[in-house]
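Please read the following note beside the sequence and the model. The points proceed from the whole chain to single residues.

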Amino acid sequence: MSDRRSKPWRALAHPDARAAARPSVMADGSSTPAAPGTVCGMNTLGACLIGLALAGPALSAPAAPAGPAPATSATAARPIDANARPLGVLTPARLQAAPDQRRDYARVIVRFRADAPTLRAHPLRLQSTVAEARDVAQVRATTLSLRQGRVLTARRSLDARTHVFTAPGLSSAALARALATDTEVEAVEPDRWWRPYAVPNDPLYATAASAGVTAGQWYLKAPDSTLISPINAPSAWDVSTGAGVVVAVIDTGVRYDHPDLSGQLLAGYDMIGYASAGSTATATANDGDGADSDASDPGDWVDQSDINSGRLGSSCTSDDIGASSWHGTRVSGLIAAATNNGLGMAGLAYGAKVLPVRALGKCGGWQSDIEAGMRWAAGLQVPGLPTNPNPARIINLSLGSDGNCSSSYQSAVNAVVSAGVLVVAAAGNGNDAGGIAVGAPANCRNVVAVAAVRHSGTKVGFSNLGPEVTVSAPGGNCVTDTGCLYPILSTSNSGTTTPKAADNAYNYGGTGTSFATPLVSATAALMMATDSTLSPSQITSLLTSTARPFPTTGAQAASAPVCQDPASLGTSSQLECYCTTSTCGAGMVDANAAVRATLAQRSGSTPAPAPSPPPTTDSGGGGGGGGAMTAGWLLALLMACRLLAKRRTAVV
């Protein structure tokens, strides 16, 4: 399996063409330019880490491919564009620049067979140190090297028999094909690069008129004749605030010093650079060091000098030039911003805690870093990483890429779901022309995939769609060309490059499936706090059975059609359309209905009839398999399959 660079995975904050970045407004009402509503893309993140040397392996790492030549003076002075195209959009330049697409450098995820002689000869303990894990992985890489006749360098261990290997002189796809023929290899794939796709007294809940958003946090309120898609939080808060639940946000990191996140964040981990220490990884991380226990977001801005110097490898293009997104901070605020503190905004599950896991830097991140972050967040042992003292019950992935779910990604999902952890992922933001088929990891099996709807309940133009979608939630839309009437406002930072310290700033222009996804994650936290025994499949069933039906009228575009399965349209994109249960999931998430159904189920009473039935088709996405490391893992997988056979739940 190849280790795909998450585009990097890119964060999926993707407004439509009219959703320009709005200013961040400070506590005193003054405004400063806001970061654009997107994060470096997933498919290109891996490229940033290409060719990085791993300190101390048995075989020395090959030299990294040379970066692009310096630009001419005509392009060198290009400034950061605060209104640059959102990072979650899949542009041709970003796809071609993705590190996993290089022809002269390969990076793959390799899973050895459980009975491979190399594993028996060189066992790897899950509790091993960084040095021990690196040495064992390199010995295994060397064993393959001798049989393949090429130098392989070990980068990261994902579990006791799965590793990231790199090699110079060929593409990731070519190396994957070669290693797939080895009798000791069970599975191999490219490591892809990914990109980041109550009535409380918080003043912005009611209105943010000073920023031009009179609707305030409209997406949390009770639905009415104008606002069709809000998730109905006030009534849910009468039952639950998410207390005691940990939600992991795998993203760009977080601003721990944001006043409205004070007391809401746990100590997390920074995964960037663990697999590939070197100058490119350091530049991608942008925090001056490699992987460590500091999940702070130092900013992910990209300027012309980054492109000219080549210090970020091949993952970034001129399409990525833009201000820092503060994507992880914005996602975290939607989940659990402090509430009833008389400050800023309200978080949906404000009684919960957020566990920040940083896997995306400038222009994205490697799939293997995201997978390691998922396993670590769930409390599973990852070779070379410390034990997570605060395991999450929910993992939020507001990031993604095109293509099917890979075997390695599916393996990571299976492992955390078997540990009782719910995975919620953004369906994706399509391309410049509109929504397309759901990408990975949202199209992995056992994942709750989230599409985005407008305030009116119709599909937002940018949102991906298809049978893999589980449910939909508000994703923000602007309505007018001169301002954004219904954005998803959240905590941010007013620094366009580096962060401003203790900055009580908010972003008022957010749109994208990146911001619909945490609303579903937070709803799940409210449910888990109501009944801590809920399994991932039970939560999914309750979410879908209590979702409100999609409207059939009210689209802004008079000619808006009914949404179609992307598979029937080839490469065509879809803008605003009327959702169906086969394209946008079971319906629009209703936090109040989901929480009260959970309460009724726990008490043994009969919940209210579901307003909309769940999908009748299996929305499980692509990618097969998943690698078991032990007999226990296989048993857990068989049990999960049994549960899925009983309840065909669509997740992505």
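How many helices and strands are there in the protein chain?

1. The protein chain has 17 helices and 21 strands; helices (H or I, at least four residues) and strands (E, at least two) are DSSP runs, numbered from the N terminus. This is a predicted model, in which local features need pLDDT of at least 70 and side-chain atom pairs count only at pLDDT 80 or more, while totals for chains, interfaces and linings use all residues. Residues are numbered from 1 along each chain as its sequence is written, and side-chain values use heavy atoms, with hydrogens and water left out.

2. Of the 652 residues in the protein chain, 63% are buried. Buried means under 20% relative accessible area, exposed over 50%, and partly exposed in between (1.4 Å probe, protein chains only).

3. R155 belongs to strand β6 (residues 153-159). This residue counts as buried because its relative accessibility is 3%. Its side chain forms a polar contact of 3.0 Å with the side chain of T166. A polar contact is a pair of N or O atoms within 3.5 Å; within protein, one must be able to donate a hydrogen and the other to accept it, and residues adjacent in sequence count only if both atoms are side-chain atoms.

4. K362 sits in the loop between β11 (353-358) and β12 (365-366). With a relative accessibility of 4%, K362 is also buried. A polar atom of the K362 side chain lies 3.0 Å from the backbone oxygen of W301.

5. Helices α12 (residues 367-377) and α13 (residues 407-418) pack with their axes 9 Å apart, at an angle of about 10°. Axes are lines fitted to C-alpha atoms, for helices over the stretch in contact, and angles run from 0 to 180 degrees between N-to-C directions. The angle therefore makes α12 roughly parallel to α13, a term for angles under 35 degrees.

6. Most residues other than glycine have a negative phi, and most peptide bonds are trans. The peptide bond from A440 to P441, however, is cis, with omega near 5°. P441 lies in the loop between β15 (422-426) and β16 (448-453).

7. N340 is not a glycine, yet its phi is positive, near 60°. It lies in the loop between α11 (327-336) and β11 and is partly exposed, at 38% relative accessible area. A502, likewise not a glycine, has a positive phi of about 45°. A502 is found in the loop between β20 (490-492) and β21 (505-507), and its relative accessibility of 47% makes it partly exposed.

Terms used
Parallel < 35°, antiparallel > 145°, perpendicular 65-115°, else oblique.
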